[in-house]
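Dear colleague,

I am handing over the structure below, and after it you will find an account of what was found in it. Please read the two together.

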Amino acid sequence: MNYNNKPTLSFWQIWNMCFGFLGIQFGFALQNGNVSRIFQTLGANVDDIPILWVAAPLTGLIVQPIIGYWSDKTWGKLGRRRPFFLYGAILTTLSLFIMPNSPTLWIAAGMLWIMDASINVTMEPFRALVGDNLPNKQRATGYAMQSFFIGVGAVVASALPWMMTNWFDIANTAPIGQIPDSVKYSFYFGGVILFIAVGWTIVTTKEYSPEQLAQFNQQESQTTQTNITNSVNFTKGGVIFSGLGLLVLATVLGLDLEKELYLLAAGLVSFGVIQFIAAALKAKQHTSGGFYNVVNDVFTMPEAMKQLAWVQFFSWFALFAMWIYSTSAVTSFHYGSTDTSSLAYNNGADWVGILFAAYNGFAAIAALCIPIIVKRVGLKVAHALNLILGALGLASFMFIKDPSLLIWPMIGVGFAWASILSLPYAMLSTSVPSHKMGVYMGIFNFFIVIPQLLAASALGLILRHFFENQPIYALVLGAVSFVLAAVAVLRVKHTQ
């Protein structure tokens with residue numbers, strides 16, 4: 001594939017193109033740092049939190065490949081990707097306004113679903129836009145710039161509840177069952193910033209038309225993809241995955257195991273059914289529709305993408321463990337409170353926001369350092385080193401007793417986070433066909449979502465049965481997962 005004949009963009013053109021990620025991260029960071037707190041405030045038990053979080057990754061699993069496929073096929077007055085930026089930003093802003101006013105737990109869980117879907121509508125095309133607009137030699141810079149804005153945006157967004165309380169004297173406590181005003185105002189402010197930042201990218205960034213992109217990539221061949229398409233046996237896959245799902249379901253029912261395992265069974269059966277549908281469409285030669293093409297692309301993805309799947313799996317399992325258990329781990333282990341109406345609990349929850357802001361701030365710095373590391377040791381070794389730093393950071397939560405010292409492990413987590421957001425995409429970028437940039441970026445999200453669904457279905461069970469339901473051990477398991485990701489990345493074969 002030849003992308004190198006695209007014009008080189010200036011620093012400020014790349015800056016403007018990626019600036020919207022600042023706003024997206026406001027929504028993402030507010031969600032990650034505060035939704036568990038909202039759930040607990042509205043009455044959720046600690047061991048129920050992973051299931052309540054299922055909405056977020058499941059939404060991404062469904063939405064991102066669909067949005068990617070549609071954005072590949074879209075062209076209008078706003079361009080190819082920018083219409084999705086606009087609609088997603090409007091929906092996300094409204095969701096951020098509504099979420100902290102949820103009167104009941106089930107409404108909050110539903111709003112998480114809507115909010116995450118809205119964020120995904122905006123975020124996925126941003127990844128594809130880098131591939132659309134930049135030549136190969138600038139793509140790493142583009143993804144690093146996105147990581148920079150992710151870090152900067154999340155620093156402010158994660159610290160907003162603490163800032164509202166300590167800078168503006170807004171209460172961080174409330175009667176039992178009510179969300180503190182500091183959280184509410186943080187969500188309102190984040191919604192406004194998100195809309196402004198995404199709007200800036202829409203106004204200042206131009207896109208190449210489909211015809212221009214076709215001219216840039218005239219030498220790209222469809223032969224390999226077509227041959228692989230005809231060789232996929234969807235029926236066999238459908239039988240295997242449906243059978244596994246039914247076996248898990250029978251085991252859960254027969255042994256009266258935890259309800260979370262129903263999610264695993266449902267996921268396996270659903271993937272089997274999807275393959276049966278694809279097989280039926282293929283038999284009838286109805287292979288031009290979006291559903292069939294997305295399913296087929298899952299099975300005909302580039303080899304580098306298959307190898308990176310394991311890296312993403314273990315990386316995001318660790319991140320998801322950190323996001324959903326940090327609040328309960330720090331408040332119980334370091335602050336000694338599980339009472340959501342107590343000052344100790346809310347001070348601990350606010351401090352988690354600061355810790356999340358810290359790792360994102362370190363990630364912004366890491367985004368500037370990582371290209372230098374890559375030049376010295378290469379993409380794979382650089383990513384492995386950063387993942388090991390993340391593992392050391394999470395593991396140290398178990399040994400540090402003074403919560404004020406937890407800032408320092410966030411350096412390692414920040415380097416891992418910045419690396420996860422950039423280097424896997426850099427390794428993948430030379431393998432993805434330009435005319436399917438959006439859908440492949442969406443499919444790549446599968447390897448982010450699947451470990452999150454597994455974490456949601458299994459983490460609570462593991463903690464209850466092996467670790468006396470102590471949330472701090474979820475962070476230790478996250479550290480182990482980071483190490484496995486570091487090992488997996490060294491096995492990836494990619495084009496430098």
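By the rule used here, the count comes to five cavities of 30 Å³ or more. On a 1 Å grid over the protein atoms alone, a cavity is a set of points where a 1.4 Å probe fits but cannot get out, whereas a pocket is an open set with protein on both sides within 12 Å along at least five of seven lines, and lining residues have an atom within 4 Å of a point. Grid points are joined across faces, edges and corners, and a volume is the space filled by probe spheres set on the points.

Please keep in mind that this is a predicted model, in which local features need pLDDT of at least 70 and side-chain atom pairs count only at pLDDT 80 or more, while totals for chains, interfaces and linings use all residues. Residues are numbered from 1 along each chain as its sequence is written, and side-chain values use heavy atoms, with hydrogens and water left out.

The second largest cavity has a volume of about 50 Å³, and the residues that line it include Thr41, Thr173, Pro175, Gln178, Ser341 and Asn346. By class, this lining divides into four nonpolar, seven polar and no charged residues, where Ala, Val, Leu, Ile, Met, Phe, Trp, Tyr, Cys and Pro count as nonpolar, Asp, Glu, Lys and Arg as charged, and the others, Gly among them, as polar.

The largest pocket has a volume of about 1400 Å³, and of the 34 residues that line it, Leu61, Gly267, Phe271, Phe446 and Ile450 are the closest to its centre. Its lining has 29 nonpolar, four polar and one charged residues. At least two lining residues come from each of helix H4 (55-73), helix H12 (261-283), helix H13 (290-299), helix H14 (303-334) and helix H20 (446-466), with H12 giving the largest share, eight residues; helices (H or I, at least four residues) and strands (E, at least two) are DSSP runs, numbered from the N terminus.

**Aromatic rings**

The structure holds 31 aromatic pairs, counted where rings of Phe, Tyr and Trp (its six-membered ring) have centres within 6.5 Å, with planes under 30 degrees apart called stacked, over 60 edge-to-face and the rest tilted. The rings of tryptophan 12 and tryptophan 15 are edge-to-face, because their centres are 5.3 Å apart and their planes stand at 65 degrees. Both residues lie in helix H1 (residues 11-18), three residues apart, about one turn of the helix. Tryptophan 12 is exposed at 55% relative accessibility, whereas tryptophan 15 is partly exposed at 23% (buried means under 20% relative accessible area, exposed over 50%, partly exposed in between, with a 1.4 Å probe and protein chains only). Ring pairs also link these two with Phe11, Phe19, Phe148, Phe149 and Trp200 into a cluster.

The structure holds zero disulfides, a disulfide being a pair of cysteine sulfur atoms within 2.5 Å. The sulfur of cysteine 18 is 18 Å from the closest cysteine sulfur, that of cysteine 369, which is too far for a bond. Cysteine 18 is buried, at 0% relative accessible area, while cysteine 369 is partly exposed, at 29%.

Aspartate 169, in the loop between helix H7 (136-166) and helix H8 (181-204), has a positive phi near 55 degrees although it is not a glycine. Asparagine 469, in the loop between H20 and helix H21 (472-489), likewise has a positive phi, near 60 degrees.

With best regards
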